[in-house]
Amino acid sequence: MFEQLHNGALYYPNADEIMEVQTQCMEKLYDYNRTRPGEQARRAALLKEMFAEIGEGCYIEPPLHANWGGRFVRFGKNVYANFGLTLVDDTEITVGDCCMFGPNVVVATAGHPILPKLREKGLQYNMPVHIGKNCWIGAGALIMPGVTIGDNAVIGAGSVVTKDIPSNVVAVGNPCRLLRPVGDKDRKYYFRGRKIPKEFLED
């Protein structure tokens with residue numbers, strides 16, 4: 001039954017065997033969300049217990065919402081997530097190094113059949129989500145099951161990402177579409193005509 005979480009098959013998410021393990025994961029998530037701001041070491045230790053993999057320098061602002069408390073989530077190094085990240089992590093979510101999530105981003109791997117008869121039965125399927133290195137996911141963005149986002153991509157706030165996004169682009173909207181590549185202008189200005197100071201461009 002647990003293989004069905006990860007192979008895209010239809011399955012019953014409320015099966016007793018699944019719910020027993022999932023509840024144990026949610027207990028740790030409950031503890032994480034009730035840590036105090038000064039308990040950074042405890043937060044880091046809990047994330048290592050909760051996630052499948054979490055790199056050094058990662059920081060997730062509580063509250064974190066996750067169906068499995070991060071059990072099937074892999075974060076690279078130096079990933080930052082602002083308040084209210086929701087990980088519908090019924091199967092694998094992979095995030096590369098140096099990614100940033102704005103407030104209230106949703107990354108969903110779970111889906112339900114369009115056919116009403118199957119939804120009445122409570123059936124579900126899961127498709128993995130992959131986010132490359134050094135991506136910025138804007139506030140309130142929704143990333144849907146099965147999506148891959150390439151390295152260095154920027155996803156605009158409020159976007160609904162239903163299809164793959166290539167590397168080195170800015171993509172926005174509902175549904176999320178390619179706006180433009182990351183280009184020369186981005187190497188000169190960081191926001192509305194404000195020039196990037198030279199010291200920040202030196203390697």
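Which residue forms a salt bridge with E53? The close-ups below get to that, and to the rings and strands around it. This is a predicted model, where local features need pLDDT of at least 70 and side-chain atom pairs count only at pLDDT 80 or more, while totals for chains, interfaces and linings use all residues. Residues are numbered from 1 along each chain as its sequence is written, and side-chain values use heavy atoms, with hydrogens and water left out.

**View 1. R74 and E53 across β4 and β1.** The partner is R74: the closest N and O atoms of R74 and E53 are 3.7 Å apart (a salt bridge is a side-chain nitrogen of Lys or Arg within 4 Å of a carboxyl oxygen of Asp or Glu). R74 lies in strand β4 and E53 in strand β1, so the pair ties together parts 21 residues apart in sequence. Strands here are DSSP E runs of at least two residues and helices are H or I runs of at least four, both numbered from the N terminus. Salt bridges with shared partners join E53, R74 and E92 into one network. R74 is partly exposed at 32% relative accessible area, and E53 is partly exposed at 44% (buried means under 20%, exposed over 50%, partly exposed in between, with a 1.4 Å probe and protein chains only).

**View 2. The open sheet.** Five strands line up as β1-β4-β7-β12-β15, with parallel pairing. Two strands count as paired if DSSP finds at least two bridges between them. β1 (53-54) and β15 (148-149) each have a single partner strand, so one side of each is left without a neighbour in the sheet. β1 and β4 pair in the parallel sense over two bridges, and the bridge partner of E53 in β4 is R74.

View 3. The whole structure holds six salt bridges. K28 and E49 make one of them, with closest N and O atoms 3.8 Å apart. K28 is partly exposed at 33%, and so is E49 at 48%. R180 and D186 meet in another, at 2.7 Å from N to O.

**View 4. Stacked rings.** There are five aromatic pairs, where rings of Phe, Tyr and Trp (its six-membered ring) pair if their centres lie within 6.5 Å; planes under 30 degrees apart count as stacked, over 60 as edge-to-face and the rest as tilted. Y59 and Y80 have ring centres 6.1 Å apart and planes at 5 degrees, so they are stacked. Y59 sits in strand β2 (residues 59-60) and Y80 in strand β5 (residues 80-81), 21 residues apart. F75 and F101 are stacked too, at 6.2 Å centre to centre and 15 degrees between planes. F75 belongs to strand β4 (residues 73-75) and F101 to strand β8 (residues 100-101), so this pair ties together parts 26 residues apart in sequence. F75 is buried at 1%, as is F101 at 2%.

**View 5. N82 in its loop.** N82 lies in the loop between β5 and β6 (86-88). With 18% relative accessibility, N82 counts as buried. Leaving out residues up to four places away in sequence, N82 touches E61, F101, G102 and P103 (contact means heavy atoms within 4.5 Å).
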